[in-house]
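Good morning, and thank you for coming. Please look at the display as we proceed.

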Amino acid sequence: MSLFKARDWWSAALGEGEEFDQGCLCVGDVDNSGTGHDKIIVGSYMGMLRIFSPNASKLSDGGMADTQLLEVQLQNAIIQIEVGKFVSCSELLHLAVLHPRKLSVYSVTGTSGNVEHGDQYQLKLVYEHNLQRTACNMTYGAFGGVTGHHSLCIQSMDGMLMFFEQDSYSFGRFLPGFLLPGPLTYNPRTDSFLTVSSARQLEGYKYETLAVATDAESRQDSDLLPKSGGKRLTPDWSLVLGEQALDISVPSFSHSSSSILVLGERNVFCLRDNGQIRFMKKLEFNPSCFLPYASVKDGTTNLLLGNHNNMLLVYQDVTLKWAAQLPFVPVSVRVANLPELKGVVVSLSSDGHLLSSYMGTDPSFFLTPKVDAREADYEQVDAEMKKLQRFIREATRTQDILPKSDGVEDLSVKTTVSSCLDTSSHALIQDMDGLPVPSVTVQVKVKANSVLQSAKMFICVQPPLAVTQDQFVLEPMGVGSTKEVAFSAFLNGQYPPADLTGDIVVSYSSPTELNPKGVPRVLQSRFSLPLALVCVPSSPAKTNKFKITVDTNQPPVDLSAIFREFSVKTEDKDGNSLAFQFLSGAKVTVLASKTSQRYRIQSDSFEDMWLVVKELVQRFDQHFSKLGIKDFKKSFSGPMPLQEYFLSVDNHFQLRVSAQQYQDLLSERAVQFRAIQRRLLTRFKDKTPAPLQNLDTLLDATYNQVIALAEAAEENRALLEQAFVRLRSSTHLLVLLLSLWQGLTPDQTAILEATLLPLLQDTPQLGWEESCDAAVSHLLRSCLSRSPKDQATSLAQTGGPVLGLPQDTTRLKKHIALLCDRIGKGGRLTLASDANVQIPAQVQNLAAPGGVEPIAEVSGDGEEMKHPQEMTKFIKKKPSKKVKKEKEKKDVSREPSEADVKEEAGVPEEPIKEVKKEKKESSKDRKESKKDSSKEAKEPKDEAKKKESSSSKEKKEKKEKDKEKEGKESGDKKVSRKSSLKVKEKKKDPEAGEA
């Protein structure tokens with residue numbers, strides 16, 4: 001148990017649906033027992049009056065009825081209750097109860113019982129006053145210095161103070177400048193009344209001033225008093241608080257100094273009797289109630305403060321002494337002396353939770369008995385320890401916080417797609433280019449194997465596909481219960497989707513013993529829509545722009561047998577050709593060779609061939625698996641259609657650039673529009689009219705520009721969504737062709753697809769181009785790198801630049817071409833290749849963080865092309881000793897090979913005379929780069945040794961190499977620039993794949 005928690009001594013729940021507030025709690029010896037023990041009196045807004053007297057003997061029996069002395073249902077709501085000497089010629093305490101339109105004074109008497117039922121208490125009405133105005137609150141005290149009895153003062157909702165002296169009404173006064181009632185209290189030291197007005201200032205009125213002021217029957221009469229010669233009521237002093245007050249208290253115990261305490265919304269104020277501030281405490285929470293009580297230290301005041309964080313704080317002036325946690329937010333707090341326990345903190349919540357508590361700890365009187373000293377059996381202790389640890393592990397492993405995972409799932413989802421299209425289409429667009437848009441019905445059956453709560457189903461399909469209903473709310477399901485739902489899917493756009501699969505996501509809660517509300521869980525299922533949903537059969541086309549050829553190792557298959565739903569309306573009886581007319585307008589033709597085992601797919605749209613190629617490959621697998629042929633293989637031997645793929649990349653990139661331009665223009669026009677509005681508003685507000693100087697015309701023109709730009713941006717956004725779907729289709733087709741070309745495994749195909757399609761949708765902050773470039777660059781540096789050194793370098797690099805919209809797609813296309821080239825040369829796509837690489841000894845120091853700078857590929861777009869001449873010098877010339885020293889100071893062991901620098905940094909090669917000599921020169925360059933890298937990887941000490949004592953062979957080799965390089969450079973310079981560009985274009989593909 002926490003030390004900072006209120007210790008529960010006695011508590012009670014008062015009724016159901018009752019409401020309580022600040023004035024509904026009071027403590028005192030209301031039955032005049034003479035024992036000095038207080039009773040707890042509670043009144044509610046429902047008119048219920050209760051009196052409690054908790055003690056230790058009754059608490060042990062454990063019953064609320066034993067502690068409750070009285071419970072009476074009154075006719076009216078109880079606003080406030082007080083205990084005092086309210087009856088003349090009597091020193092006994094009586095109970096004053098304030099109702100909205102009545103003030104009642106009761107006497108509480110107890111009669112000792114002669115039987116086991118105990119004492120009996122009665123509530124008798126002594127007198128009452130019917131009020132002419134609705135009451136808000138009241139206070140009592142010895143007004144005017146009278147001793148022996150207490151008078152009452154009631155504040156009405158319209159600002160009138162009504163004074164009652166026992167059973168007679170004295171007078172009434174209206175407070176000046178009144179708007180809303182505030183807290184009211186009486187200060188016996190100065191015989192004055194304190195309240196907080198609507199002006200948020202504390203005001204003090206002396207009783208003598210109130211008594212001699214001219215009487216008024218209404219507020220209008222009080223406002224006319226100066227005109228009629230009467231004495232107008234004014235406060236004796238006032239202090240601006242700056243916030244509304246929740247309560248005012250004037251402590252009257254002997255040890256306290258003369259103070260007035262005010263609880264505000266954010267501060268606690270302590271004032272002297274004349275209104276001067278003694279101190280102020282700023283609170284860091286929202287207070288709910290407070291109560292000053294006696295302090296053991298002279299000159300200080302202790303304060304109980306409750307807040308809305310369920311905390312009860314104890315302050316000594318401005319110093320926090322203690323904090324205790326309560327189970328509720330207190331609206332009223334009192335300190336009572338109960339039997340066998342003095343200083344009990346009594347707190348009340350707004351919903352009737354009454355708590356008597358104390359703070360601190362319970363004293364412990366238990367003494368540990370002495371044990372006989374004996375030697376410990378360590379083997380027995382060790383065995384017991386192992387046993388307990390085993391129990392702990394089992395309890396931790398099998399705890400019922402999460403549902404136990406067994407072989408049976410909580411929920412099973414079965415999806416059935418109708419084999420035929422709907423007779424009556426549910427599509428929103430009924431017609432596309434003269435072709436009807438069909439729809440297909442999907443039925444989902446959900447079966448619960450355990451109790452489920454809050455089950456919901458969501459349907460997700462790829463754009464531009466749509467469904468008739470995408471959300472379903474499932475009722476709470478018991479064990480074995482089933483639920484069936486149905487919806488229709490259809491095409492809802494002027495372009496084909498990138499994927500015909502859809503996802504069904506069911507979210508539910510599975511209750512457990514320790515978590516009855518349920519543990520949230522999610523189940524996902526996938527379904528495939530038919531190809532006939534987006535295309536119809538058509539006549540084959542003879543000439544097409546894009547062609548793809550797929551090879552197999554089995555005899556040709558009749559296409560009409562593979563695509564039965566499309567062979568009904570085809571004109572080809574031999575089954576060698578089949579055409580698919582997409583609803584968006586593109587036509588895809590599939591041709592089967594009669595002599596060879598090849599199939600050609602051709603169309604005028606490259607990305608539209610994806611769905612047909614995917615469906616063709618899947619149906620081939622299904623067809624030959626049904627025939628029992630296990631060695632069926634399919635491949636793609638033709639060149640990779642990278643240029644066709646790059647058309648989709650460029651189209652998507654240009655639309656992204658246009659979207660950014662539209663956004664910038666729209667921002668500029670919006671700023672201009674607001675500036676013109678401010679100018680016009682200034683002209684209109686001017687008292688002396690001035691000519692508008694065509695500002696209204698400029699405002700209309702700017703408004704039209706803003707609207708036109710917004711419409712153009714919206715149209716561009718729709719085109720960008722369409723372009724991204726087409727780009728996804730092209731990327732899927734490229735991945736499929738790569739997997740057929742190199743026979744990639746499903747895991748390798750998944751890695752390649754995640755690399756080329758890192759995003760499922762474009763966002764203004766992150767687009768496909770920069771994400772794909774980063775993913776492809778990572779593969780080129782890791783599993784597709786040429787040497788272990790490059791992999792170690794990529795492992796040592798941490799961080800990188802922030803991804804953003806590139807300047808162009810040149811670098812991305814270069815990296816994708818390089819990726820395809822390295823895969824074609826046997827590169828392995830695996831995520832575990834980094835761990836299997838043996839790092840050379842000279843590169844181990846690179847693994848330290850910050851030991852390696854990023855290679856040129858990581859830098860921003862265009863940065864690696866700033867100094868091509870310097871880079872070519874670095875590639876062709878052997879670096880001098882001075883350059884070596886400068887490089888070793890900047891980066892000790894960063895020396896990429898020449899081919900890598902060419903491919904990664906994108907630096908053009910020097911022109912050469914003959915293409916046949918290129919292979920020889922590249923082999924020499926590789927040897928030289930290997931020698932240079934091995935030399936530069938050594939420590940500077942080795943380099944110093946080379947300078948001092950170098951052999952004659954090394955000098956001769958250096959001279960010969962320098963001569964060869966000078967000859968190369970002189971020959972290179974003679975070649976014209978045009979010839980170098982031609983040679984570069986011819987040798988583009990070999991350059992991308994050179995090692």
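I begin with Glu128 and Lys102, whose side chains meet in a salt bridge at 3.8 Å, N to O. By salt bridge I mean a side-chain nitrogen of Lys or Arg within 4 Å of a carboxyl oxygen of Asp or Glu. Glu128 belongs to strand 9 and Lys102 to strand 8 (residues 102–111), so the pair ties together parts that are 26 residues apart in sequence. Helices (H or I, at least four residues) and strands (E, at least two) are DSSP runs, numbered from the N terminus.

A word on the source: this is a predicted model, in which local features need pLDDT of at least 70 and side-chain atom pairs count only at pLDDT 80 or more, while totals for chains, interfaces and linings use all residues. Residues are numbered from 1 along each chain as its sequence is written, and side-chain values use heavy atoms, with hydrogens and water left out.

Are the two partners buried or exposed, or something in between? Glu128 is partly exposed at 35% relative accessibility, and Lys102 is partly exposed at 22%. In these terms, buried means under 20% relative accessible area, exposed over 50%, and partly exposed in between, with a 1.4 Å probe and protein chains only.

How many salt bridges does this rule give? The count comes to 26. Among them is the pair Asp551 and Arg598, with the closest N and O atoms 3.2 Å apart. This pair links distant parts of the chain, as Asp551 is in strand 40 (residues 546–552) and Arg598 in strand 43 (residues 598–603), 47 residues apart. Asp551 counts as buried at 12% relative accessibility, whereas Arg598 is partly exposed at 43%.

Another salt bridge joins Lys813 and Asp650, at 3.3 Å from N to O. Here too distant parts are linked: Lys813 lies in helix 14 (residues 810–824) and Asp650 in helix 9 (residues 642–685), 163 residues apart. Lys813 is partly exposed at 21% relative accessibility, and Asp650 is partly exposed at 25%.

Let me turn to the strands. Strands of a sheet pair through backbone hydrogen bonds, either parallel or antiparallel. Strand 6 is joined to strand 7 (residues 94–99) by five bridges, and Val83 stands opposite Leu95 in strand 7.

In the loop between strand 6 and strand 7 we find Cys89. Its phi is near 60°, a positive value in a residue other than glycine. Cys89 is exposed, with a relative accessible area of 87%. Gln166 also has a positive phi, about 55°, although it is not a glycine, and it lies in the loop between strand 12 (160–165) and strand 13 (168–174). Gln166, however, counts as buried at 7% relative accessibility.

Next comes strand 37 (residues 501–510), which is mostly covered, with eight of its ten residues buried. Which strands pair with strand 37? Strand 33 (residues 453–461) is joined to strand 37 by seven bridges, running antiparallel, and strand 38 (residues 519–528) pairs with strand 37 in the antiparallel sense over ten bridges. Cys460 stands opposite Asp503 in strand 37, and Val506 has Leu523 of strand 38 as its bridge partner. In the loop between strand 33 and strand 34 (465–467) lies Pro464, joined to Pro463 by a cis peptide bond with omega of about 5°.

Finally, Val536 is found in strand 39 (residues 535–538) and is partly exposed at a relative accessible area of 23%. Beyond its neighbours within four places in sequence, Val536 is in contact (heavy atoms within 4.5 Å) with Leu435, Phe566, Ala579, Phe580, Gln581 and Leu583.

Conventions: Pairing = 2+ DSSP bridges.
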